[in-house]
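Hi,

Here is the structure I promised to pass on.

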Amino acid sequence: MTVTSTPTAPLTSPAHDEYLAGLEPVLTARDVSIEYEVTPPVHAVKHASLTLHRGEILGLAGESGCGKTTLAYGLNRLLKPPAILRTGDVTFHDADGSDIDVVGLTGDSLRAFRWDKVSMVFQGAMNSLNPVISVRSQLHDVMTTHRPQMTKSEREDRAAELLRLVGVDPVRLDSFAHELSGGMRQRVMIAMAMALNPQVMIMDEPTTALDVVVQRGILREIMRLRERFNFAVVFITHDLPMLLEISDRIAVMRAGEIVEIDTAESIYLRAQHPYTKKLLSSFPSLTGERGSFVRGDARPTGAEGEES
Amino acid sequence: MSTLEVRHLVKDFKLKKGKLRAVNDVSFTLEPGKTIAVVGESGSGKSTVARMIAQLETPTRGEILLDGAPIGRRGRAMAEYRHQVQMVFQDPFASLNPYHSVAHHLERPLKIHGVAKGAAVTPAVHELLERVNLTPAEVFAAKQPHEMSGGQRQRVAIARALAPGARFVIADEPVSMLDVSIRLDVLNLLARLQREEHLGVLYITHDLATARHFSDEILVMYRGDVVERGPSDDVILDPQHEYTKTLLAAAPDPARHGRLRDEVRAELAAAS
């Protein structure tokens with residue numbers, strides 16, 4: 001079961017339970033509450049529980065300020081003051097069968113865990129590359145830190161291989177961030193997140209700043225890599241139509257709570273929570289009906305709907 | 001009938017080496033009550049078109065005609081043009097002055113364009129705020145931009161554009177910075193105001209779905225050229241140009257859930 005007994009368990013459906021049968025969990029978060037210690041305190045995440053399974057893409061949808069990024073940072077132990085994990089535990093189920101208590105990690109063990117087991121593609125990844133060192137140095141940096149036994153030529157081979165995996169020509173190893181297009185920078189960030197063969201990748205709005213055509217290319221690349229390496233992805237975005245297209249499951253967050261979690265198909269066809277329905281209707285369909293969009297003499301059905 | 005017409009608009013930007021043709025021969029006519037959407041990716045030249053119409057850039061060639069006459073480029077003629085043609089910018093966090101109240105933002109255009117003066121200014125400000133659903137108006141008039149959400153700020157920006165009594169509004173990605181659940185509210189607001197005021201709207205966007213539902217006509221731009229144009233349903237449902245097809249195929253479509261995975265799997269199976 002994904003949903004543990006939280007004060008208000010998210011809505012779900014039998015199809016969801018059916019989907020989960022036989023899947024192997026890789027990361028379990030139970031009853032996670034995160035608070036920003038400011039005055040007054042902000043309860044950014046409230047009793048959120050979710051389980052991520054090996055090889056699946058879990059979409060985390062919601063608007064700005066709903067706590068989705070904060071939750072992701074909590075899973076990866078990236079919270080920094082004033083954010084604090086109040087309650088809950090996060091367990092990583094390693095491929096070798098051992099369990100890691102993520103919340104309890106400190107110092108070297110935390111350093112070894114991060115990026116190696118769970119890596120992240122940050123929001124605004126376009127600007128996350130170091131502007132003053134080359135792509136090569138940045139990729140090597142990951143490996144010298146986490147794989148000190150690798151020789152220089154091994155690192156070089158791996159760096160070139162990583163760029164090829166994400167569809168960037170290895171000659172770009174010598175480039176600096178400003179010499180790359182937005183899409184290429186994003187691909188390099190994904191290559192870096194994949195450098196250590198992590199079992200989980202958290203992607204926080206990885207394509208938001210990109211044009212649709214470039215975005216589509218990167219989504220395909222992520223899907224392709226997922227098939228090959230079977231890592232699990234937590235994909236965070238407010239773009240629900242995109243999530244519906246790529247995710248296996250979707251969790252919808254509002255005001256710090258997961259209000260609904262279900263398979264993408266169920267969310268699309270049988271959304272239960274009013275907020276999920278509202279989010280879905282916020283995107284007029286490209287080829288279908290105009291949803292809650294009002295223009296001309298059409299009768300209003302949407303929120304604005306106070307016509308003269 | 002009043003019209004805003006652009007004819008054979010060309011814009012070159014000088015680069016270190018040579019030049020870049022950002023806009024190449026763009027023509028269209030905006031009429032009251034009508035919306036034209038210009039869609040395309042970053043760098044397609046769509047914003048440059050908007051900026052030339054707003055007179056923030058000077059066209060290299062071509063003309064802009066208001067009611068059939070070439071537009072004034074300086075002095076009183078320019079002020080008169082601005083009276084008629086106003087712009088709503090993409091970023092509501094940057095387009096309002098953080099030092100001034102909402103009332104100040106709306107009073108200025110009212111006074112400058114002589115719409116209201118003296119004791120009539122404050123009621124006019126309140127009326128504008130009510131028209132963009134920022135009520136109670138007295139409360140919002142006293143607010144500073146940082147006290148408002150993005151959607152509220154964009155409503156102020158829309159009210160500001162309407163303040164001079166503009167007949168044409170150039171909206172450059174007016175909702176792309178806003179949260180998804182309020183985007184439609186703002187677009188619906190713009191559509192309602194358009195009906196009430198009989199405005200001509202140029203809607204610049206990269207979002208094909210809203211372009212289709214919000215506009216009468218769509219122009220698809222690619223690297224400065226208009227590659228396809230026509231009634232919005234025709235362009236979206238029956239695209240002719242390759243680029244329009246690419247753009248449409250790239251737009252997320254929730255009805256295709258799961259299909260991308262199947263495609264990728266098939267592709268990998270074929271390759272191995």
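This is a predicted model: local features need pLDDT of at least 70, side-chain atom pairs count only at pLDDT 80 or more; totals for chains, interfaces and linings use all residues.

Chain B has an open sheet of 6 strands, and if you walk across it the order is E6-E7-E8-E3-E9-E10, with mixed pairing. The edges are taken by strand E6 (85-88) and strand E10 (225-231) of chain B; each has a single partner strand, so one side of each has no neighbour in the sheet. From one strand to the next, the twist averages 15°.

At the E10 end, strand E9 (residues 217-222) of chain B runs antiparallel to E10(B), and 6 bridges join the two. If you want a pair to click on, Glu217(B) has Pro231(B) as its bridge partner in E10(B).

Helix H1 (residues 46-53) of chain B packs on it and touches strand E3 (35-39), E6, strand E7 (168-172), strand E8 (200-205) and E9 of chain B. The direction of H1(B) makes about 145° with that of E8(B).

Is Ile204(B) buried or exposed? The cut-off for buried is 20 or more other C-beta atoms within 10 Å. Ile204(B) has 27 C-beta neighbours inside 10 Å, so it counts as buried.

Leaving aside residues up to four places away in sequence, Ile204(B) touches Val38(B), Lys46(B), Ser47(B), Ala50(B), Ala171(B), Asp172(B) and Glu173(B). Another pair to look at is Ile204(B) and Gln90(B): they are 114 residues apart along the chain, yet their C-alpha atoms are separated by 9.5 Å.

**Where the chains meet**

The contact takes 39 residues from chain A and 37 residues from chain B. On the chain B side, the elements giving two or more residues are helix H7 (180-197), helix H8 (208-214), helix H9 (232-237), helix H10 (242-250) and helix H11 (259-271) of chain B. H7(B) gives the most to that side, with 10 residues. By residue type, the side of chain B that touches chain A divides into 17 nonpolar, 9 polar and 11 charged.

**Helix H5 in chain A**

Over in chain A, helix H5 (residues 152-165) has 14 residues and reaches 20 Å from its first C-alpha to its last, close to the 20 Å expected at 1.5 Å a residue. Its buried residues are Ala159(A), Leu162(A) and Leu163(A). Seen down the axis of H5(A), these buried residues fall within an arc of 95°, so they line one face of the helix. They pack against helix H4 (135-146) and helix H6 (182-194) of chain A. On the face turned away from the buried side you'll find the exposed residues Ser153(A), Glu154(A), Glu161(A) and Arg164(A). Just after H5(A) comes Gly167(A), with a positive phi of about 80°.

**A hairpin in chain A**

Last stop: strand E9 (residues 249-254) of chain A pairs with E10(A) in the antiparallel sense over 6 bridges. Arg249(A), for instance, has Thr263(A) as its bridge partner in E10(A). E9(A) and E10(A) form a hairpin with 2 residues between them, and Ala255(A) in the turn has a positive phi of about 45°. Strand E10 (residues 257-263) of chain A is mostly covered, with 7 of its 7 residues buried.

Cheers

Methods. Residues are numbered from 1 along each chain as its sequence is written. Chains are lettered from A and ligands numbered from 1 in the order in which they are written. Two strands pair if DSSP finds at least two bridges between them. Helices (H or I, at least four residues) and strands (E, at least two) are DSSP runs, numbered from the N terminus. Axes are lines fitted to C-alpha atoms, for helices over the stretch in contact, and angles run from 0 to 180 degrees between N-to-C directions. Two residues are in contact if their C-beta atoms, placed from the backbone, lie within 7 Å. The expected span of a helix is 1.5 Å times one less than its number of residues. A residue is buried if 20 or more other C-beta atoms lie within 10 Å of its own, exposed if 12 or fewer, and partly exposed in between; C-beta atoms are placed from the backbone. The arc is that of the directions from the helix axis to the C-beta atoms. Ala, Val, Leu, Ile, Met, Phe, Trp, Tyr, Cys and Pro count as nonpolar, Asp, Glu, Lys and Arg as charged, and the others, Gly among them, as polar.
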